[in-house]
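Q: Please take me through this model term by term, setting each value against the cut-off that decides the wording.

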Amino acid sequence: MTDQEKLKAALTELQAFLGDRATDSAIHRMAYSRDWSPRYKDMTDLPDILVVPRNTEEVVQIVQVALKYELPVIPFAGGTGMGGGVVAWKGGIMVETKGMNQVLEIDPANMSVTVQAGITIWELNERLAPYGLWLPHQPESKRACTIGASIGCDNDSTFGVRYGKILDCLTNAVVVTGRGEAVRLGHRKASFSSTGYNLMHLLVAAEGTLGIVTEATLRVVTLPKTREVRAWVFRTLIDGARALERTLASGLSVESAHLNCRRRLHFYTHAFRQKYGKEPEIPDWAESILFLSFAGDEDVVEFSLQKARSILEGEFHGEWVREQEMVEGYWDSKHRLAFIPFKQKWPDSQREKKFGAADVGVPMGRLEEMYHAFLEISAKYDQQILGMTVYNESPNKVSPSISFAVFVDDSTEETVQNFYRYVREMSLKAVELEGTMSTYIGDGDRLGGFNELEHGLSFQYMKELKALFDPKNIMNPGKKFESRWIQP
Amino acid sequence: MAEYRALEQFVDDIYTCNRTRCGFCSVECPVFRVKRMETYASRGRMLVARGLLEGILEPSAEMQEVMDACLMCGYCQARCALENLDIFSAVRRELREAGFASPKHEQTAERILETGTLFDRPMPFRRVGTTPLYLGCAYQSKPHQVQTIVSVLEKVGLDPLVSDEVCCSYIISAVGFEEEFQRAQARFRQVYGPHLEKEILTVCPTCTATLRDEYGLQVKHALVAVAERLPGMTIKPINRRVTYHDPCHLGRMLGVIEEPRQILKALGMELVEMEHHGVFSTCCGGGGGVFDVDRALAVEVAKNRVRDAVAVGVDIIVTACPTCQPTLLRGAGRLVNELGVFVDVLDLWELLDQALD
């Protein structure tokens, strides 16, 4: 059979059980032609077929058809990934997972919820709120980002320093593997398991290359009664990081901790400038700004703020940012997503160039070195600096997951290629500093194969694991093990 | 008067959306909530617009079907910083020029141009008074509701003047019938000429936004006038627990968000807000001419909006729009078996009339 004959036969079989939820219409395929990753503006990657399943059984049938005709299967969720993870650059069947958005069980007694993986984090939290519960895994993309996408990308969470990321919430998952089987992985509603292998962990950051996650069981927590956010400025980056470490060591429970370089602050104060028409008053000497939030009962939060001030200001000479409107504006941007109607930050800030980031991770003691490398490497590749944010994503630890962000000129293929040269060199530097190339974006279509430099021999084990789950290499090919942008 | 821009003139907005992909507009788009496909939300349509601009896609009946399924409610625009609705109207104009338009919309345009009204019903109501009140086609086809509105306006001390009027023709503008809209607008100005220089009271949210934004007229929604006059008036309280559905044009486009709530409060009602309200309210299903071309979709959108009310534990929705009320009632009726309860949809003018007796 020719490729065209295979596609035609596959579409006929898919339409037999999906009806008009399977289509090869160019209009529908166009709507799935890119994600948020940097690519030149007229670059187009069209999948061959789009399907919109409603449950695990339909996904099993879809993968079985794909297996029969050896067609790529690409799961699509929030579409907000910055690494090209859902781009169908090998063609194939695009699986829109947001059709699977049902809450299957809310179990308040066990602080657990089971959902179809296509529900957004925002919608899930709306459903949990009447029970006084919430899922604390909170990426900034949560209005669009789904549970499946969080598992697939292992994305960031605003509250990582208290609750960790999606893996810290996930207890069970159903995945349709590249063998066309639905497999339950994990430990049901139990928090841990020491039986067998923790295969569920493999799904996190797998970017759909092992299978499509269709259902997930998650631990949820009690909504805090109150929350306060404050900011402090420091003379150096490492002062900010050490001050956070000391705050955690004091026994305080910090809910969120983000350390920004001075330049990055500008990006987060969009709402403040919109509202007040001025720049925030940050002292000239300040090189870093640390935003902390504390949440819980009012008296505990009040005590935490006082104690934090005594540490940050008394021991580390941090200066409390008195302009609380700026801090609230930051929080509007970071967590509440409470942008002024008709003036939402994201598109408004991307009118000429687009956001792009190297999302490396280095140990705490190498932060300054990595930051200086950022300044040098971004200049070398002519990248306009947007700034650095250090997220902290492990409970109660300074655990840098870093966004070194630039504005990408996406007018031509060459200018975009230049951005990926920047990412390549930043990644090499991170590995040199005993770190990792990616902490929240994932390999996508940029780091696959190149990442062997980080993993060494274990990369071969990864290939064998991939073959176990996906013997015909149909699940999101062109990711993890192959790159279109960065070569070794 | 608003000027139409060709699709090419929106190229910066289209590429800005394409390169951003934040998706804040998408999942809560009322059509996406039903269809669950990117193509039916703003972010996906922006890629379709790019496809059309670059010649990747050609105008087609299928593209027309996709664009016709937009309620033009503006939820996406409130979550964005771009000119989403104008872009979708520009795509529809391109489609029309290429020969792709819904026969239903063609019939609507023809009817409006021939008869001056959206519906095959007369526009019978006239009243001698001092303050021009433009009713619009939807209310003109509901004589009982018009009597109610006039009764309320009289009770608050207004003296509405209802004279000859023709359709504002919003719908043919929204679906991309540019030339027809220009003709309809000229006709409106001719018929309504004596009042064009005055402040016009309006009651239909869509007409209000159209007269303000497309015609450049000075308009005031009558509920605003009522809210101004309500303090100090004798009111017979209506003790009910309700939610309020903001009509898209009234809340999001015109910013009349607080006044209906002030009125509900003044009438003694307990207001429970739905998740999506005010500027971020979602459509009832009656917007953008969708009901004419895909009735099943419109009803599914209406059902979801009724479910929003049930989700906050309320079984009475109050609204203030001649399109929203019947559309939501249709959705509520179809949900009786699923919900085990009939969610009633009440008109704010009716409640006002009762309370001001």
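Q: Which residues does B:Lys303 touch, not counting residues up to four places away in sequence?
A: B:Lys303 touches B:Gly331, B:Arg334 and B:Leu335, where contact means heavy atoms within 4.5 Å. The residue lies in helix H17 (residues 295-311) of chain B, helices being DSSP runs of H or I with at least four residues and strands runs of E with at least two, numbered from the N terminus. The model is predicted, and local features need pLDDT of at least 70, side-chain atom pairs count only at pLDDT 80 or more, while totals for chains, interfaces and linings use all residues. Residues are numbered from 1 along each chain as its sequence is written, chains are lettered from A and ligands numbered from 1 in the order in which they are written, and side-chain values use heavy atoms, with hydrogens and water left out.

Q: Why is B:Lys303 called buried?
A: Buried means under 20% relative accessible area, exposed means over 50%, and partly exposed is in between (1.4 Å probe, protein chains only). B:Lys303 has a relative accessible area of 13%, and therefore counts as buried.

Q: Is B:Asp353 buried or exposed, and why?
A: With a relative accessible area of 17%, B:Asp353 falls under the cut-off and is therefore buried. B:Asp353 belongs to helix H20 (residues 348-355) of chain B, and, leaving aside neighbours within four places in sequence, is in contact with B:Thr148, B:Ser151, B:Val152 and B:Lys155.

Q: What makes the side chain of B:Asp353 a partner in a polar contact?
A: A polar contact is a pair of N or O atoms within 3.5 Å; within protein, one must be able to donate a hydrogen and the other to accept it, and residues adjacent in sequence count only if both atoms are side-chain atoms. The side chains of B:Asp353 and B:Lys155 make such a contact at 2.7 Å.

Q: In which sense do the strands of the open sheet in chain B pair?
A: The 4 strands, in the order S6-S5-S7-S8 (chain B), pair in parallel. Strand S6 (270-271) and strand S8 (344-347) of chain B are the edge strands, since each pairs on one side only. Strand S5 (residues 241-244) of chain B is joined to S6(B) by 2 bridges, which meets the rule that DSSP must find at least two bridges between paired strands. In S6(B), B:Glu270 stands opposite B:Arg241.

Q: How many residues of strand S14 of chain A are buried?
A: Strand S14 (residues 288-296) of chain A has 9 of its 9 residues buried, and is thus mostly covered. A:Ser288, A:Leu290, A:Leu292, A:Phe294 and A:Gly296 point one way, and A:Ile289, A:Phe291, A:Ser293 and A:Ala295 the other way. Strand S12 (residues 226-234) of chain A pairs with S14(A) in the antiparallel sense over 9 bridges, A:Trp232 having A:Leu290 as its bridge partner. S13(A) is joined to S14(A), also antiparallel, by 6 bridges, with A:Phe291 as the bridge partner of A:His258.

Q: How do you know that the span of helix H15 of chain A is close to the one expected?
A: The expected span is 1.5 Å times one less than the number of residues. H15 (residues 367-380) of chain A has 14 residues and reaches 20 Å from its first C-alpha to its last, close to the 20 Å expected.

Q: Which residues of H15(A) are buried?
A: A:Leu367, A:Met370, A:Tyr371, A:Ala373, A:Phe374, A:Ile377 and A:Ser378 are buried. They cover an arc of only 160° around the axis, and therefore lie on the same side of H15(A), the arc being that of the directions from the helix axis to the C-beta atoms. A:Glu376, A:Ala379 and A:Lys380, on the other side, are exposed. The cover over the buried residues includes strand S18 (400-408) and helix H16 (413-432) of chain A.

Q: What makes the pair of A:Phe374 and A:Phe404 tilted?
A: Rings of Phe, Tyr and Trp (its six-membered ring) pair if their centres lie within 6.5 Å; planes under 30 degrees apart count as stacked, over 60 as edge-to-face and the rest as tilted. The centres of A:Phe374 and A:Phe404 are 4.8 Å apart and their planes are at 45°, so the pair is tilted. The pair links distant parts of the chain, with A:Phe374 in helix H15 and A:Phe404 in strand S18 of chain A, 30 residues apart. Ring pairs also link these two with A:Tyr371, A:Phe419, A:Tyr420, A:Tyr422 and A:Trp485 in a cluster.
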